[in-house]
Amino acid sequence: MLISFCQEHDIAYEMCGKVIVATTEAQLPQLDKLYTRGIENGLEHVRLLSSEGIHEFEPHAAGIRGIHVPETGIVDYKQVARKYAEIVGSRGGSILLGHEVIGLRPYGSRTIIETTSGAISAGVVINCAGLQSDRVSRMARAALDLRIIPFRGEYYDLTPVGCRYVKGLLYPVPDPEFPFLGVHFTRRLSGGVEAGPNAVLALKREGYSKRSFNLMDVAEYATFPGFWKMASKQFLRSIDEYHRSWSKAAFVRSLQSLVPELTGDHLVPGGSGVRAQALGSQGSLLDDFRFTYTAGMMHVCNVPSPAATASLAIGRYIVDSLLKSDCTNLAELLRLQSTR
């Protein structure tokens, strides 16, 4: 769907392909599962690679076996987001920035959204607030058995010399017990390659730097029972992630499992992102969609990666789910709006 969207609106993209590599025997069963899943989901040209076959696509990559997925591509997502915004405006919609939501209250068949820049009356409310989605849900008195936990992902950029070691997208075999992919290499459409991310617990919901801290945010997840259950399960892994966060040498070693020729001289500090990870009350890091409903509202409390790449399909899925829900007046309101 995103490819069709880019073609329709003249947004540049490149189908550069992806190689997923297994570096140990223990990863082979999961690699085979990924290959089977790709076939089942309609990938026509995905194929298994031997060690020599990996080098056909990524000459500098290490690995004992791999998968090549030619149907994978890259795009400048800022251009996609700008086009989304343009389309919203052309169809009579408004994107209101600087409107922090501070309350929700029913008003007849409608919902009043209280914001720091005034109140808004809405017939249908879909809460896709990301890092704040659980807080917005609780404003509507939704029954939630989860909390949003912020995890920061930190990246390095490859120098021009380092970029010569990576041709396309180079990924490890993901650990099914952990919802984060692990460090990988992503070529940008505008040029260059980014390496990462790690996954460290952020001390602020919008904690984009190592020194970001908010006491209320920390207290909120530290008092959630599921947090300590998760912490006990992931203690050793979290220590490793924090080590990579503060030690460039440790980060380099993790990248060298995929590209042994890389050194610290090939890396410069890059950007970071914060993932809105839903945590269940039993300590599980949720890796699937989580919706809940209140009168006149739908709350999207977890949207797993790749939420941006699949945003058009996810948007359709959300609306279809809303139409099938039992929320008061929602389905009828959407039907009326779709006929205007």
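Q: Which residues do ring pairs link into a cluster?
A: Start with the general idea. Rings of Phe, Tyr and Trp (its six-membered ring) pair if their centres lie within 6.5 Å. Planes under 30 degrees apart count as stacked, over 60 as edge-to-face, and the rest as tilted. Here, ring pairs join F5, Y77 and Y84 into a cluster. This is a predicted model: local features need pLDDT of at least 70, side-chain atom pairs count only at pLDDT 80 or more, and totals for chains, interfaces and linings use all residues. Residues are numbered from 1 along each chain as its sequence is written, and side-chain values use heavy atoms, leaving out hydrogens and water.

Q: How many aromatic pairs are there by this rule?
A: The count is eight. One of them is F5 with Y84, edge-to-face, at 5.1 Å centre to centre and 65 degrees between the planes.

Q: Which parts does the pair of F5 and Y84 tie together?
A: Helices are DSSP runs (H or I, at least four residues), numbered from the N terminus. F5 lies in helix α1 (residues 2-8) and Y84 in helix α4 (residues 77-90), so the pair ties together parts 79 residues apart in sequence.

Q: Is F5 buried or exposed?
A: Buried means under 20% relative accessible area, exposed over 50%, partly exposed in between (1.4 Å probe, protein chains only). F5 has 8%, so F5 is buried. Y84 has 21%, so Y84 is partly exposed.

Q: Where does the charged end of K18 sit?
A: A charge sits over a ring if NZ of Lys or CZ of Arg is within 6 Å of the ring centre and within 35 degrees of the ring normal. The charged end of K18 sits over the ring of Y171, 4.3 Å from its centre.

Notes:
Helices (H or I, at least four residues) and strands (E, at least two) are DSSP runs, numbered from the N terminus.
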